[in-house]
Amino acid sequence: MFPAPPTFEDLNVWAALPVIILSLWASVLLVADRFINNKFYVAAYSLLGVGISLVIALFQAGDLFDIGESGTAFEGMFMADQFTYVVNIVALISAAIGILISYEYLERTKLDRGEYYILLMFSAAGAMLMGSSNNLSMIFISLELLSIPLYILSGIRRPQEESEESAMKYFLLGAFSSSFLVYGIALVFGAAGSLDLGEIVVVAQTISEQEATQRYLLLIGAGLITVGLGFKVAAVPFHMWTPDVYQGAPTPVTAYMSSVAKVGGFAAFLRVLVTGLPIIAEGGDAAVWVDTLQILAALTLLLGNLVAIMQYDLKRLLAYSSIAHAGYILIALAAGGVPGVGDSAAQAALVYLAAYAFTNIGAFAVVAAIEKDDSTGTTMDDIKGLAVKRPWLAGAMSVFMFSLTGIPLTAGFIGKFWVFRAAMDAGLEPLAVLGVLTSAISAFYYVRVVWNMYFETGDAVVPERQQYLTSGLVITAAGTLILGLLPFILENLVRDASLAILR
Amino acid sequence: MQLENTGVSIVSAVLFSPLVGVLVLLFWPRLTDKQVRIATLINTLVTFAFSLLMLSQFDSSKGMQMEQVDEWIAGLGIYYHVGVDGISIWLVMLTTFIMPIAVLASWTGIEEKVRLFHGFLLLLEVAMVGVFVSLDLFLFYIFWEVSLVPMYFMIGMWGSKDKVDFFGREMEARIYAAVKFFLYTVAGSILMLLAILYVGNKAETFDFMLIRDLMRSGQLVFTEETERLLFVGFFIAFAIKVPVWPLHSWLPDAHVQAPTAGSIILAGVLLKLGTYGLVRYNLEFFPNAAIDFAPYIGALAVIGIIYGAWVSYAQTDVKKLVAYSSVSHLGFVVLGIFAMNSAGIQGAVLQMVNHGVSTGGLFLLVGMLYERRHTKAINAFGGLWKIMPIYSGFALVIALSSMGLPGLNGFVGEFTILVGSAGSDTLDIWYTVLATIGIILAAVYILFMFNKVFMGPVTKQENQELEDLTWGGNWYELSALVALTVVIFVIGLYPKPFFELMDGAVGDLVAQLDATLQVAMK
């Protein structure tokens with residue numbers, strides 16, 4: 001006798017409703033795209049799908065309706081908790097804004113193909129699944145679901161060489177990093193005998209206390225997973241692809257990618273390390289990987305911020321700045337390995353990711369707005385005098401720049417406040433000091449953008465006003481300011497996000 | 001620990017009334033430049049009226065009062081908590097008093113992007129008042145950092161037209177000054193953020209009053225080393241803002257390049273954010289470290305007094321002279337604070353107000369000259385008294401007040417500070433002696449400048465036509481100067497009410513410091 005197939009209720013399917021809707025919607029649209037000639041409608045339907053999914057995700061996060069039960073789903077593969085919900089929201093908002101800022105850009109650069117929006121939705125689904133993975137195999141699959149559409153999107157501007165180079169580089173290095181991840185997963189499986197994070201964490205602690213061989217397997221596995229995910233989030237020294245890929249990809253893709261890849265990557269990072277592998281070595285008082293991550297964070301902060309100073313092209317500047325911001329989230333991740341701080345560190349990372357999503361997509365959207373049709377016009381000289389010609393655009397860019405610097409009343413400050421607070425909680429004061437010093441350094445290159453727009457005179461030639469892109473900018477700028485003025489919104493959202501099973 | 005929410009306080013009205021103006025300027029569809037100026041002036045005057053109302057309700061027998069508490073980020077123990085005591089109320093009054101003068105000072109000087117300029121002006125007022133009234137460390141830090149942004153834009157966009165040589169490349173001096181100002185202050189204040197986080201995490205609240213109670217009752221104690229580190233974390237941020245020698249190098253650039261209103265606000269109020277922070281946070285939270293560091297900081301203050309005066313004397317540019325004189329004057333304030341006794345701190349608080357009025361006045365005068373003559377070089381003038389007698393009369397009063405002539409406000413403040421430092425348990429008598437030399441030097445550079453610019457025969461042909469002040473022609477300049485002069489005489493001749501209102505707050509602080517000192521000396 002076969003056991004009865006599980007029912008929807010057994011699988012707790014409804015808990016995964018946002019991501020299910022998004023993936024189904026994208027799949028149907030993939031077929032329907034063939035029959036829709038005006039690509040405006042593809043964009044509009046994609047936005048509608050993302051919107052529906054976002055509404056459900058918000059209901060789940062806000063506990064307004066009972067949609068599925070919190071807890072595991074799909075027999076332990078999927079985890080639906082507050083952490084999942086927040087990741088969903090951030091990924092979906094990124095996707096929605098990504099669609100808004102893409103439409104006119106694609107139209108004027110003759111790239112308006114329907115699959116663009118569909119790929120964008122699939123990668124958002126990938127990021128959402130990464131945040132809800134409760135199993136290492138899920139992490140791998142959802143990582144691929146996140147990455148492969150992004151490889152294609154960055155090359156969508158073929159036959160332009162920069163775009164092709166960008167896609168090729170991203171694909172090769174991405175595939176390379178995936179193999180690290182798989183190998184790491186295999187080793188962890190070999191040591192712990194399970195892929196389920198909840199089981200690994202139980203076994204891992206006993207292994208690390210007893211058997212040497214298995215302990216090393218586990219540690220090497222954890223290390224390789226760190227390398228694999230480190231590639232995705234652009235942590236130094238695994239960041240080499242970032243500047244070229246960010247610069248070569250079409251700007252709206254970069255905007256979207258810079259946010260969603262980080263959201264997915266860090267969500268998985270937090271799940272694996274904080275939930276699955278908080279292994280404490282004999283006599284140690286924090287997880288074994290805390291020191292490694294501290295070093296990664298320090299390198300990332302230093303390299304990202306120092307190299308960004310020298311950049312002349314805005315896209316490249318923002319690429320290095322996004323490396324630097326990975327460093328700040330790595331601070332939170334490192335703090336997550338200290339017993340008792342795991343949850344507040346995960347919350348800090350979520351707050352930072354939410355703040356960063358609005359700000360960074362907004363900054364790239366401004367670059368998309370000023371970029372010319374032949375993908376030039378994104379240098380420091382091209383924004384001179386922008387404040388006179390397009391005061392609101394320049395104003396929005398200033399908001400984003402101050403937010404990235406971490407000036408209060410913007411979301412960026414709230415993110416930094418949470419991250420440094422977690423670091424102080426965990427007793428990582430030296431890293432926190434490095435964090436604030438590098439953000440003082442970063443003030444220079446962000447302020448440089450502002451002074452080029454406001455203090456220098458020049459005849460910035462910019463494309464005409466673009467309606468949908470503007471609405472995307474309004475949302476990002478308003479989001480940046482609202483999260484900065486009313487930080488309790490984020491605080492309420494992440495308050496119940498909890499990752500650490502063992503305390 | 002929890003705080004109860006309270007009703008709306010008058011302090012919030014003072015704090016947010018300029019925000020109304022900001023929103024009007026941002027979103028009102030069409031406004032002529034003149035309407036913008038008038039609207040801003042009315043807005044700042046209304047704010048001043050609110051602050052007068054607040055002053056009239058002030059009860060000198062109580063400490064912190066007119067508090068307002070509202071939940072903000074409940075999970076982290078962060079509140080919107082504002083209130084005033086005898087120390088902060090004078091600085092709020094100074095701010096709301098200086099702002100209309102800054103608006104009048106830019107009446108004709110600012111001709112481009114008038115609306116944006118006045119928006120920044122009002123935003124700056126919110127930030128500055130916010131620093132003085134916030135009673136929550138998180139809130140305080142927000143206002144503290146936000147005050148940078150409008151000033152950065154004001155210097156960078158409306159600053160002077162000078163050029164500087166920047167590593168072999170010619171660069172606009174205003175951009176250099178704006179960026180230097182921004183980076184210097186960000187770098188300083190960001191370490192304070194860590195110190196705030198540390199204190200907040202330890203106390204499990206960011207509320208100033210709660211933390212103060214925890215510390216006074218001995219429930220929140222830091223080790224000696226931690227306390228020193230935290231003290232330094234706060235001190236560097238404040239010292240850059242004051243600025244304490246040798247962290248002053250941003251000041252001459254920023255003051256000289258800023259438009260007149262910017263210089264007035266920088267000298268008048270923005271520098272006081274630093275000295276206020278020293279009194280409010282360094283002395284209150286870390287008295288042991290303050291006692292340990294007092295001799296060194298006192299030494300820096302005295303060096304600043306003499307250095308600032310000395311360098312002022314050497315200037316050929318009037319505005320630079322006034323800028324460096326601020327370094328000297330603020331040295332007195334810091335000296336008074338770290339004398340750590342009642343006279344020292346009361347003198348310091350009063351001197352903050354005095355310096356705001358008199359140096360703000362000097363920058364206003366320089367701005368008027370510059371608008372008429374388009375130069376600030378001392379040797380371009382001479383004999384102005386013959387051409388502009390009314391202007392020169394005001395200049396004499398304000399210059400003498402800055403110099404510390406008895407009967408005017410500067411004397412009261414400096415004298416009280418010196419009384420305090422002479423009787424201080426933390427500072428040696430030599431500090432007082434050397435600081436007194438600073439007063440003499442101040443007389444030298446001020447009188448030297450006054451002599452060159454106003455006295456003697458008219459040497460330059462261009463100066464013959466300069467326009468004096470009249471109610472009909474330039475009421476805005478005249479009224480600003482009249483207001484400043486009235487305050488100068490009031491404080492100079494009858495300082496008693498000013499000290500009386502401070503008594504409660506300063507007495508409370510000094511009682512705590514004394515107790516710590518007694519323990520330290522045993």
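**Ground rules.** I'm working on a predicted model, where local features need pLDDT of at least 70, side-chain atom pairs count only at pLDDT 80 or more, and totals for chains, interfaces and linings use all residues. Residues are numbered from 1 along each chain as its sequence is written, chains are lettered from A and ligands numbered from 1 in the order in which they are written, and side-chain values use heavy atoms, with hydrogens and water left out.

**Helix pair in chain B.** I looked up helix 5 and helix 7 of chain B, which pack at an angle of about 175° with their axes 11 Å apart. Axes here are lines fitted to C-alpha atoms, for helices over the stretch in contact, and angles run from 0 to 180 degrees between N-to-C directions. Helix 5 and helix 7 of chain B are therefore roughly antiparallel to each other. Helix 5 of chain B brings Leu137(B), Phe140(B), Tyr141(B), Trp144(B) and Glu145(B) to the contact, and among the residues from helix 7 of chain B are Val186(B), Ser189(B) and Ile196(B). Contact means heavy atoms within 4.5 Å. By class I get 10 nonpolar, 1 polar and 1 charged residues for this helix contact. For the classes, Ala, Val, Leu, Ile, Met, Phe, Trp, Tyr, Cys and Pro are nonpolar, Asp, Glu, Lys and Arg are charged, and the others, Gly among them, are polar. Helices (H or I, at least four residues) and strands (E, at least two) are DSSP runs, numbered from the N terminus.

**Chain B against chain A.** I then checked the interface, which takes 34 residues from chain B and 34 residues from chain A. The buried area is about 3200 Å², with carbon and sulfur atoms giving 83%; that is the accessible area (1.4 Å probe) that two parts lose on being put together, summed over both. In chain B, Trp72(B), Leu76(B) and Leu194(B) lose the most area to chain A, together 16% of what that side buries. I found 0 salt bridges between the chains (a side-chain nitrogen of Lys or Arg within 4 Å of a carboxyl oxygen of Asp or Glu). On the chain B side, strand 1 (65-73), helix 5 (137-146), helix 6 (148-158) and helix 7 (173-203) each give two or more residues. Helix 7 of chain B gives the most, with 15 residues. That side divides into 28 nonpolar, 3 polar and 3 charged.

Most residues other than glycine have a negative phi, and most peptide bonds are trans. I noted a cis peptide bond from Val236(A) to Pro237(A), omega near 5°; Pro237(A) lies in the loop between helix 9 (212-233) and helix 10 (241-248) of chain A. The bond from Trp245(B) to Pro246(B) is cis, with omega near 5°. Lys113(B) has a positive phi, near 45°, and sits in the loop between helix 3 (88-105) and helix 4 (114-133) of chain B.

Terms used:
Angles under 35 degrees count as roughly parallel, over 145 as roughly antiparallel, 65 to 115 as roughly perpendicular and the rest as oblique.
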